[in-house]
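Subject: Structure handover and notes

Dear colleague,

I am handing over the structure that I have been working through, and I would be glad if you could look at it alongside the notes below.

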Amino acid sequence: MASRGGFSNRLGFIAAAAGSAVGLGNIWKFPYEVGENGGAAFLVIYLACAFLICLPIMLAETAIGRNTRLNPFGAFNKIGNRRWGLVGLLGVLSGIMILSFYNVVAGWAFGYFIQIGFGGLLSEGVNYGDYFGGFVSDITDNLLYSIGFMILTALIVAGGVQKGIERWTKILMPLLVVMIVGLISYGLTLDGAMDGLSFYLVPDFSEITANTFYTALAQAFFSLSLGMGALITYGSYVGKDDSIVGAAALITVADISIAFLAGLMIFPLVFSQPSIEANAGPGLVFVALPGIFETMGGIGPFIGASFFLLLCFAALTSTVSLLEVPVAFVTDQFKTNRKKTVYFVATFIFFVGLPTMLSQGASDFFTNFVYYGGEDKDFFTLIENVFSDLALPLGGFFIAIFAGWSWKNKGFQKELYFGNAALEGTFLEKMILFMVRFVSPFVVGAIFIISVLQIFFNISLF
Ligand code: TRP
């Protein structure tokens, strides 16, 4: 075990797992999905998914990881069988594909940091919507920033779990929260802020469609880094005397809180700018924030650059966890040298991300790549739909089934007792089992079927 590395203590694991969870999913993706899916009603469903479905699966992943001390593929092979190994393999593949596009978006955040801090982006008369469109279709900028980002990720992962991952998270996440709270206070003073708040906080349930459920579910998986074994991998570095249950609850609350705050920050800012619509899609934060930073005058560029820099760090602790999965897979299964593996896998994933980068206007072929669900989709959307929206809930479904039903000799329960002996025989334990066995798989299964019909066949059940 020592040679494999481990977190220094329970807080180390919590910091790293929370660092993995908190990222672009919370600050970039969550707000625009709320905006596209009708506001507060989406928020309510999202919260229900996170606590009722995802939290139990987080326990399952972490327990599997700690018990086996292996990557997802190795873990399922060890305590399951060859067929379960496929679930692990799907996870490793999803990790690779998610990182391939995540790194591109992280590159955008990095680019905005540079452009706001040093490129004089914030100046009067700039149309930030047009700017964003131009920026994402500019292949030179994209290449530069995303190469930079992948190198940073690889350097941290090569540094090892403990030194690399833990340290940054503990310092930079609190700073990000301070920044967001500052922007919330500023936003609330602007005209239109109250409309933004009511959009975000007062649910209108007539807005809900089948689409709302699957988007909320997929987003909860993505934001909590679940369904592909990232937490199996991180769980494999957790000590036997740490309580998994308390840790998972803390991680979930931390992640959800930061997403919630990001919404509280964005919507007043969006509604205070008449030119921006809440349903603007993936450009939402990149368009809404610069306009606000510009209104701050002289300190605008400083605040703006700091914000995007902190966002980059949040993304970095997430890319690190994504890269860690295929790296752990290769080093565990093929006994390769860890450092070399890191650089090889990172390079490979960078190349896998190139079509995504080209799909935002740079190349026609990748921009209108496939037709399904009633419209042309770009390559980025395809990868996101398949490897994030579908593969993560599917993986989560199997993880819950495995822990709840298939893991022999009460393996799941026994693993939870380590570091938390008092759990045995309690109501909480029964609850956890009930959720893992029935609630998570059933709800995920149902929503999964709905989403496949919806995304690929454009059939809405309600
Ligand atoms: N949760 C991260 C975010 O919200 C992204 C992420 C990191 C992730 N590791 C993951 C998503 C593993 C799915 C699986 O930005």
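The notes that follow take up the ligand and its surroundings, then several individual residues, and finally the cysteines.

Please keep in mind that this is a predicted model, in which local features need pLDDT of at least 70 and side-chain atom pairs count only at pLDDT 80 or more, whereas totals for chains, interfaces and linings use all residues. Residues are numbered from 1 along each chain as its sequence is written, and side-chain values use heavy atoms, with hydrogens and water left out.

The ligand

The ligand is surrounded by 16 residues, the closest being Ala21, Gly25, Tyr102, Phe222 and Ser225 (a residue is near a molecule if one of its heavy atoms lies within 4 Å of it). At least two residues of this shell come from each of helix 1 (10–21), helix 2 (24–36), helix 10 (210–223) and helix 14 (300–334), where helices are DSSP runs of H or I with at least four residues, numbered from the N terminus.

A polar backbone atom of phenylalanine 222 is 2.8 Å from a nitrogen atom of the ligand, a polar backbone atom of serine 20 is 3.2 Å from a ligand nitrogen, and serine 225 places a polar side-chain atom 3.0 Å from a ligand nitrogen. Of the 370 Å² of accessible area that the ligand has on its own, the protein covers 100% (Shrake-Rupley method, 1.4 Å probe).

Individual residues

Serine 225 belongs to the loop between helix 10 and helix 11 (230–235), and has a positive phi of about 60 degrees although it is not a glycine. Its relative accessibility is 13%, so serine 225 counts as buried (under 20% relative accessible area, with exposed meaning over 50% and partly exposed in between, using a 1.4 Å probe and protein chains only). Lysine 335, in the loop between helix 14 and helix 15 (338–352), likewise is not a glycine but has a positive phi, of about 50 degrees; lysine 335, however, counts as exposed at 69% relative accessibility.

Serine 100 is part of helix 5 (residues 82–118) and is buried, with a relative accessible area of 3%; a polar atom of its side chain lies 2.7 Å from the backbone oxygen of methionine 97. Glutamine 273 is found in the loop between helix 12 (244–271) and helix 13 (284–295), where it counts as buried at 13% relative accessibility, and a polar atom of its side chain lies 3.1 Å from the backbone oxygen of leucine 269.

Leucine 323 lies in helix 14 and is buried, with a relative accessible area of 0%. The C-alpha atoms of leucine 323 and threonine 153 are separated by 7.7 Å, although these residues are 170 apart along the chain.

The cysteines

How many disulfides does the structure hold? There are zero, a disulfide being a pair of cysteine sulfur atoms within 2.5 Å. For cysteine 49, the closest cysteine sulfur is that of cysteine 54, and because the two sulfurs are 6.6 Å apart, they are too far from each other for a bond. Cysteine 49 counts as buried at 4% relative accessibility, and cysteine 312 counts as buried at 6%.

Conventions: Polar contact = N/O pair within 3.5 Å; in protein donor to acceptor, adjacent residues only side chain to side chain.
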